[in-house]
Amino acid sequence: MTSNHFLDQPRIWYGGDYNPEQWPEEVWREDVRLMQAAGVNLVSLGIFSWAWLEPQPGQYDFGWLDRILDLLHAHGVHACLATATASPPPWLAHRHPESLPVTADGVTLWPGGRQAYCLHSEAYMQHASALVTLLAARYKEHPALAAWHINNEYGCHVSECFCDVSAAAFRTWLQARYGTLDALNHAWGTAFWSQRYGQWAEINPPRRAPTFANPTQQLDWRRFSSDSLIALHDMEVEILRRFTPQTPVTTNFMGFFKPADYRKWAHHEDTVSLDTYPDPSDSFAAAQNAAQCDLSRSLGDGKPWMLMEQTPSAVNWRPRNVLKQPGQMRLWSMQAVARGANTVMFFQWRAAKAGAEKFHGALVPHVGVENSRVWREVSALGNELQELGPLAQSRVVADVGILVDWQSWWALEQDSKPSTAVTFYDRLATFYGPLYAANLTTDFVFTDSDFANYKLLVIPNLYLVDDATAARLEAYVAAGGTAVIGFFSGIVDENEHIRLGGYPAPFRKLLGLRVEEFAPMAEGESNTVRFDDGATAACDLWADVIDLEGATALAAFTGNFFAGQPAVTEHAFGQGRAYYIGTRLAAEAMGALLGRICHAAGVMPPVSAPPGVEVVRRRTAEGRDLWFVLNHRPELATVTLLV
Ligand code: GAL
């Protein structure tokens, strides 16, 4: 890994996507003047400019990019220079129709929008590599170059391709994973429904089938498609590192984006970047934004990350695009800085005149900058951030780790489960929400993280778990850690085969219990639990029928045939403690329970603050705490520090 040198500077960088190819050059001069006025010092340049850089195959025009880079540099603006490979020009599909992506139903996705390429297309890869090579060679010493912006939101529209070329690539990937057909047949459980394969050529992607496709085939397809996205990224990284080994590379992630295993991916880049577009009309938007920010910090193990895109005002792609209220753009930007971002950037600099995104918000709106609320707010923020440079060298403090795992997410949400209403986002929100509300800052952790950094590990759902991870979790608790595990965890191995021996087999010893049966609830159905202190709470979605094997019940169900049996348990294990929650508790009860568990684990809220006030701490290398107090409410609030 190279050093993230520009993010290590005592500076919060400010700017956004800049698409000068959409404007005549006289506008560029106004752009750089306005950028200076607004405190903009970093732009993501030329993300969708392939057709402009290579109007016809092999005919390149870099003149305009030379000029704008020089102009930016002369005005103190750096570039996160795009590799421009996110949207191939129309000539690619015209010459190579086989480069177009195909859906599971066999439908070809045509050019005319963006991202119309198959993840395994030789023609795409060859032309993209040629362009990246020329860009790297030409700009490797340009003084404006701060970082490389690779492609754009990989997989945003096309995260998998079912064409014949992709089918062949899938077979090659499977051969590397399994070696023999026997191993594949075993892993895929093909004794079921007469699915046994006799030749590799018989294997296909999980194209539209008469009914449920083989679950392990589906899971391997997700692994393969995620790996294919990472491979496209690596193809560019390999070229860029040859020319500019010291220049950081990044590609913009989309937070909790299911198709790509971002933890695996983050090891392949220097800096994590986030595009985040919470819906201002959603009452959970601030919590969602916080979670995306926490993920971005955690993917890079706490390193500074880039807020690459957000809108200053509204987006254009929801059915109804509600504006951020005055002050909300600043508030959510500061939320990202509080949670470890060292850049605040937007899509996009100047509002487009034409094209599908012409109604998307921008720093320079259609009405211009005179008498513009948006411009007043963005230029005030840019100038304010210039004062906050020293913050950049501090790190976020978190005592709690929340375990998330893409493989388990994929497996959980496949078809033919006890309840398809049990989803990754629901499980995550159920645990993250109360911790966020209590101002207990959380990192996300992954199966390869060091669990020992945390006083408390929260595992909302780990449906799929491999032996090594199960053993590491057990060791963490045995050594004195506290873990809280949500229902339907530890159910299958990495092949999505049931772990026999009583659910959740790999965690039974740790939790001191056995789940005999799952009792998923119908829509609208609920039950009640009674806690050991007499308090009662509603619960819904799911109930586990639990037998204790050493654990203590903290709450028991009051209804259904398992009335009186445990719903929430606690178990002392080694030097530590493991809790299990076998249902979905109403939010308030969940908050109280997590508060109790945190207290027992020595995790205390650092403040007493009314609901809607968010407090986050960053700590300097010298151990000085910097407090961010973010008021999401319209009225003033009083906050008491407790540490
Ligand atoms: C992002 C994308 C940008 C722009 C933006 C609009 O997903 O990277 O290019 O389309 O959304 O909100």
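1. Ser394, in the loop between α13 and β10 (395-396), has a polar side-chain atom 2.6 Å from the backbone oxygen of Leu391, a polar contact being a pair of N or O atoms within 3.5 Å, where within protein one must be able to donate a hydrogen and the other to accept it, and residues adjacent in sequence count only if both atoms are side-chain atoms. At 2% relative accessibility Ser394 counts as buried, a term that means under 20% relative accessible area, with exposed over 50% and partly exposed in between (1.4 Å probe, protein chains only). Helices (H or I, at least four residues) and strands (E, at least two) are DSSP runs numbered from the N terminus.

2. This is a predicted model, in which local features need pLDDT of at least 70 and side-chain atom pairs count only at pLDDT 80 or more, whereas totals for chains, interfaces and linings use all residues. Residues are numbered from 1 along each chain as its sequence is written, and side-chain values use heavy atoms, with hydrogens and water left out.

3. Ser379 lies in helix α13 and is buried, with a relative accessible area of 11%. A polar atom of the Ser379 side chain lies 2.6 Å from the backbone oxygen of Trp375, a residue that returns in point 6.

4. Around the ligand are Phe48, Arg114, Asn152, Glu153, Asp275, Tyr277, Glu309, Trp317, Phe347, Glu357 and His360, a residue being near a molecule if one of its heavy atoms lies within 4 Å of it. By class this shell has four nonpolar, two polar and five charged residues, where Ala, Val, Leu, Ile, Met, Phe, Trp, Tyr, Cys and Pro count as nonpolar, Asp, Glu, Lys and Arg as charged, and the others, Gly among them, as polar.

5. Which distances separate polar side-chain atoms of Glu357 and His360 from oxygen atoms of the ligand? For Glu357 the value is 2.3 Å, and for His360 it is 2.7 Å. An N or O atom in the side chain of Trp317 is also placed 2.7 Å from an oxygen atom of the ligand. Of the 310 Å² of accessible area that the ligand has on its own, the protein covers 95%, by the Shrake-Rupley method with a 1.4 Å probe.

6. The whole structure holds 41 aromatic pairs, counted for rings of Phe, Tyr and Trp (its six-membered ring) with centres within 6.5 Å, planes under 30 degrees apart being stacked, over 60 edge-to-face and the rest tilted. Tyr154 and Trp265 form a tilted pair, at 5.4 Å centre to centre with 50 degrees between the planes. Because Tyr154 lies in the loop between β4 (145-149) and α7 (164-178) and Trp265 in helix α10 (residues 262-266), this pair ties together parts that are 111 residues apart in sequence; both Tyr154 and Trp265 are buried. The rings of Trp349 and Trp375 have centres 6.1 Å apart and planes at 80 degrees, so that pair is edge-to-face. Trp349, in the loop between β9 (341-346) and α13 (373-386), and Trp375, in helix α13, are 26 residues apart, and both Trp349 and Trp375 are buried.

7. Two arginines are placed over tryptophan rings: Arg11 lies over the face of Trp13, at 4.2 Å from the ring centre, and the charged end of Arg350 sits over the ring of Trp23, 5.5 Å from its centre. The criterion asks that NZ of Lys or CZ of Arg be within 6 Å of the ring centre and within 35 degrees of the ring normal.
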